[in-house]
Amino acid sequence: MELDDPGKEETEEDGPGRLAERLRWLYLFAFWSQFKPSEPFLVDYLIEEKGIGSEEVYQDVLDLFVYSRLPFLILVGFCAEMESCGYRAILVLGAASGVLTVLLTRFGVQMCLQQAAQFTVSAAFASRVAVPSLAFTLCLPSQFQEAIHTVKAVMLFSNCCASALGELLRDGDWVPLKVLFDLSALGQVLSLMCAACLPVPRASVATPTASAISNTLEEHLLPRSPTAARCSPKSACEVFKALVQDVWLSLWLRRVMWWTAWALAMNPIHGLTLTCADKRRRITAEEARDFSKRSQWGQVEG
């Protein structure tokens, strides 16, 4: 499926050096935004350092992230299509939310501050969906695939490095838990600095590329008149209609449909599995305590 992109031809700003420079800041942002060595030890930190009970952590703190993530994703998708906002602003706000999350978790004493951190981390996670979209606007159509795959690889590499570093420092008992959160705060500050340095989208091809993708999908998937043209959305209602149309057109592509179904099913199954395992663990612990009490009072037969 070839895209008929009127802005496809290279200009002076499309040279290899300029393209690499623009994408370099995006790759650095992708790495540092995911670099959080403290993430696997959040529950231990809240229980040991903040003195919050385990049931309160699962029922009153972490649940807020699950409930708030979808609304933030919808908000990010809506704001990213607004001309007054855009992908770059979304990533800057998301990076600021990441910094605020670590600071609230590290220095927050009250329960309400730890609960507020779950809303800010939801906003930070939701903003990451704008990373591939910004990559589209920073390079030529011929470089889309390479840029997107590189961004995904950088994110996975960052997660691997952060997890390995956190496990290494904790398994050796070299540093306390709060030091891991200090390292996470440093990573989030660096991601905010990289987000502030992200270049603006390439004006020469950003809008034609978006139009070409949409027009190509419509021509291949849906019948439309030759004179039909796609206009830039202005009002909130038109933005919402454009979003619904983009989702509908993309789902006509079989690979996109199957990957979307897999992605939507993965997180609920993952959460359900962890919830069932946690309930089973609690039941087992309660049975053990009950058995211990009955043994103490001689209520258990030999």
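Predicted model: local features only at pLDDT ≥ 70, side-chain atom pairs only at ≥ 80, totals over all residues.

Visitor: Good to know. Which residues of H6 meet H7?
Guide: Let's start with the axes: those of helix H6 (residues 130–138) and helix H7 (residues 144–171) come within 9 Å, crossing at roughly 145 degrees. On the H7 side, the contact involves Phe144, Ile148, Val151, Lys152 and Met155. Their partners in H6 are Val131, Pro132, Ala135 and Phe136.

Visitor: How many residues in that contact of H6 with H7 are nonpolar, polar or charged?
Guide: Lys counts as charged, while Ala, Val, Ile, Met, Phe and Pro count as nonpolar. Sorted that way, the contact of H6 with H7 has one charged residue, no polar ones and eight nonpolar.

Visitor: And which hand does the crossing of H6 and H7 have?
Guide: The angle between the two axes is roughly 145 degrees. As for the hand, H6 passes H7 in a crossing that is right-handed.

Visitor: How many of the residues of H6 are buried?
Guide: Buried means under 20% relative accessible area. In H6 that label goes to Ala130, Val131, Pro132, Leu134, Ala135, Thr137 and Leu138. The helix is mostly covered, then, and the count of buried residues is seven of nine.

Visitor: Let's move to H4. How far apart are its end C-alpha atoms?
Guide: Helix H4 covers residues 87–107, which is 21 residues. At 1.5 Å a residue it should span 30 Å. The model agrees, because the end C-alpha atoms are apart by 30 Å.

Visitor: Is Thr105 buried or exposed?
Guide: Thr105 lies in helix H4. Its relative accessible area is 5%, and the cut-off for buried is under 20%. Therefore Thr105 is buried.

Visitor: Which residues does Thr105 touch?
Guide: Leave out residues up to four places away in sequence. What remains for Thr105 is Leu42, Tyr45, Lys50, Gln114, Ala117 and Phe181.

Visitor: Now the aromatics. What kind of pair do Phe31 and Phe35 form?
Guide: The whole structure has six aromatic pairs. In the one formed by Phe31 and Phe35, the centres are 5.8 Å apart and the planes 20 degrees apart. Planes under 30 degrees apart count as stacked, so this pair is stacked.

Visitor: And what kind of pair do Trp32 and Phe35 form?
Guide: Here the centre-to-centre distance is 5.4 Å, with 75 degrees between the planes. An angle over 60 degrees counts as edge-to-face, so Trp32 and Phe35 are edge-to-face.

Visitor: Which residues form one aromatic cluster with Phe35?
Guide: Phe35 is buried at 11% relative accessibility, while Trp32 is partly exposed at 24%. The cluster that holds Phe35 also takes in Phe31, Trp32 and Phe157.

Visitor: One more residue: which ones does Leu243 touch?
Guide: Leu243 is found in helix H10 (residues 236–251) and is partly exposed, at 22% relative accessibility. Gly77 is 166 residues away from Leu243 in sequence, yet their C-alpha atoms are 8.1 Å apart. Not counting residues up to four places away, Leu243 touches Gly77, Phe78 and Glu81.

Visitor: Last one: how many helices and strands are there in the protein?
Guide: From the N terminus on, the elements run α-α-α-α-α-α-α-α-α-α-α. The tally is eleven helices and zero strands.

Note on methods:
Residues numbered from 1 in each chain as written. Heavy atoms only, no water. Helix = DSSP H or I, 4+ residues; strand = E, 2+ residues; numbered from the N terminus. Expected span 1.5 Å × (residues − 1). Buried < 20%, exposed > 50% of the residue type's maximum accessible area, 1.4 Å probe, protein only. Contact = heavy atoms within 4.5 Å. Axes fitted to C-alpha atoms, helices over the stretch in contact; angles between N-to-C directions. Left-handed = near helix turned anticlockwise from the far one by under 90°. Phe/Tyr/Trp six-rings, centres within 6.5 Å; stacked < 30°, edge-to-face > 60°.
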